Amino acid sequence: MAATPRFRNDASAAPDPESLRSDRKHPVDETLPPLKMFTSGLQHVAAMYAGVVAPPMIVGPAVGLTPKETAFLMGASLFTAGIATLLQTLGFWRIGARLPFVNGVSFAGVTPMVAIGKDRGHDGIAVIFGAIIVASLLGFVLAPYFCKLVRFFPPVVTGTVITLIGVSLLPVAFNWSQGGNATADDYGSTTNITMAAVTLVIVLALRKLLRGFLQQIAILLGLVVGTLIAIPVGITDFGAIKDADVVGFPTPFHFGAPQFEIAAIVSMCIVMLVCMTESTADMLALGKIVDRPADERTIEGGLRADTLGSAISPLFNGFMCSAFAQNIGLVAMTKVRSRFVVAAGGGILILLGLCPVAASVIALVPLPVLGGAGIVLFGSVAASGIQTLATAALEKGENALIVAAAVGVGLIPIAAPEFYHAFPKDLLVVLDSGISTGCVVAIVLNLAFNHLGRKPDAETETADHEPVKPPPVAVH
């Protein structure tokens, strides 16, 4: 009997391994077991919790709200951040980037919101909400046009912006490490900074010693261990749990119907453009990290989710929502790219908004502990930007000069916070954001040096305009 051929070229032949790999789901679209989904999602919530509740903590007292009303604003912000995150990760129709993208209250709006509502009580909040609704609806309409700016984000621009995102977030981690409140007696104390350093060492040690899933949730474990150590040290505040209600719902228009004032609307429209610029840069950064580059359609969907979430947010007494860059660092560090993990985090945020006592448990994490972990998280974002710049052909043309100028301008608000103090307050919305100013400078200089006045040679054009797959982000 003739031997059966070992290799056959007909249709019944075994499929090629490459074709098998192409049929697999992209890691962004994969689901994890329930326990891993929950703990990984909780880790995202822990990383962004302080950033969500900080704006209402600032705006509430500034407009004249009572501590209880400010706490209500904080719960509402958690609830609306959860809604916006679900819109972004799960999406529907052409809404949502469908990336592991966390949304929360934007810091960009804090200064103008305080200016709009200062000492006006409920009326001030109503005017702020009215301005946010109009600005958000305008942003939703502009999203299909704004996303076309992606063509102006070659590696020399995206790498610069990603680096600035990480570097701009590091002062937040440093502030948390000192205690978070510059007026407190223990701000910058050796106790606070030592706790931040201990947490940083714990996170690094866990990343080195653990394997598999436990290594992926090293940040969460580090926060738990750091918080337990902080209890006998005396910097853990249990007061929030004692005063929190078990169940609470952000009653629609709790502070009254939204009011519409032209000046307030103009200010918030400027904030919305800043948020859209930062979200575009964040989506490009995240797309590279998860190996699914963000194209125009992805960015359009992401901007629509941002703006729709922001438009819905005032209904439940929340503020303008935008991307949270700190969670990009968490994705880069853990390698968990599933958008459903972040969606689980969005669900947790909604539950925290509905259960104040549960939210207060997350709030037990002292800011110095969070600051120690934040140094690793935010540093990971900057490292990703540097890796992208390595693909940007800095030796070609004036690319190195573009990076130098953009990073220099972007660092001004960080290195010299009072640099623009004599400028009009409306301009400070843009100028005080190093990410926005650095992004604008990088785009303008890229146009000036690589587009206008001369046609770049084929090699330079390839380096500047074709998307280049960066090496995988590795944090050891």
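Analyst: Let's take helix α12. Of its 17 residues, 13 are buried, so α12 is largely enclosed by the rest of the structure. Keep in mind that this is a predicted model. The helix runs over residues 296–312, and from its first C-alpha to its last it reaches 24 Å, close to the 24 Å expected at 1.5 Å a residue.

E296 pairs up with K148 in a salt bridge, where the closest N and O atoms are 3.7 Å apart. That pair links distant parts of the chain: E296 sits in helix α12, while K148 is in the loop between α5 (121–146) and α6, 148 residues away. K148 is partly exposed too, at 38% relative accessibility.

Now move along to E300, which makes a salt bridge with R304; here the closest N and O atoms are 2.8 Å apart. Why are these two separated by about one helical turn? Because E300 and R304 are four residues apart in helix α12. As a general point, an α-helix has 3.6 residues a turn, so residues three or four places apart point the same way. Are E300 and R304 buried or exposed? Both are buried.

Stepping back, the salt bridges come to six in total. One of them joins R339 to D29, with the closest N and O atoms 2.8 Å apart. Since R339 lies in helix α14 and D29 in the loop between α1 (17–23) and α2 (34–63), this pair ties together parts that are 310 residues apart in sequence. R339 is buried, at 12% relative accessible area. There's also a network of salt bridges here, linking D29, R292 and R339.

Now for the nonpolar side of things. The largest nonpolar core has 103 residues, and those with the most contacts inside it are V59, I128, M268 and F319. Helix α11 (residues 262–289) gives the most to this core, with 14 residues. Take I128 as an example: leaving out residues up to four places away in sequence, I128 touches V59, V63, M113, I116, G117 and F319. There is also a second, separate core of seven residues, including F79, I95, A305 and F316.

Residues up to four places away aside, I350 touches L78, F79, G82, I83 and L86. I350 is 273 residues from S77 in sequence, yet their C-alphas are 9.4 Å apart in space. With a relative accessible area of 17%, I350 is buried.

One last stop is helix α6 (residues 155–178), where you'll find S177. S177 counts as buried, at 7% relative accessibility. A polar atom of its side chain lies 2.8 Å from the backbone oxygen of A173. Beyond its neighbours within four places in sequence, S177 is in contact with N192, I193, A196, L367, P368, G371, G372 and I375.

So, back to where we began: α12 is largely enclosed, with 13 of its 17 residues buried. E296 holds a salt bridge to K148, and E300 holds one to R304.

Terms used. Residues numbered from 1 in each chain as written. Predicted model: local features only at pLDDT ≥ 70, side-chain atom pairs only at ≥ 80, totals over all residues. Heavy atoms only, no water. Buried < 20%, exposed > 50% of the residue type's maximum accessible area, 1.4 Å probe, protein only. Polar contact = N/O pair within 3.5 Å; in protein donor to acceptor, adjacent residues only side chain to side chain. Contact = heavy atoms within 4.5 Å. Expected span 1.5 Å × (residues − 1). Salt bridge = Lys/Arg side-chain N within 4 Å of Asp/Glu carboxyl O. Core = buried A, V, L, I, M, F, W, Y, C linked by side-chain atoms within 4.5 Å.
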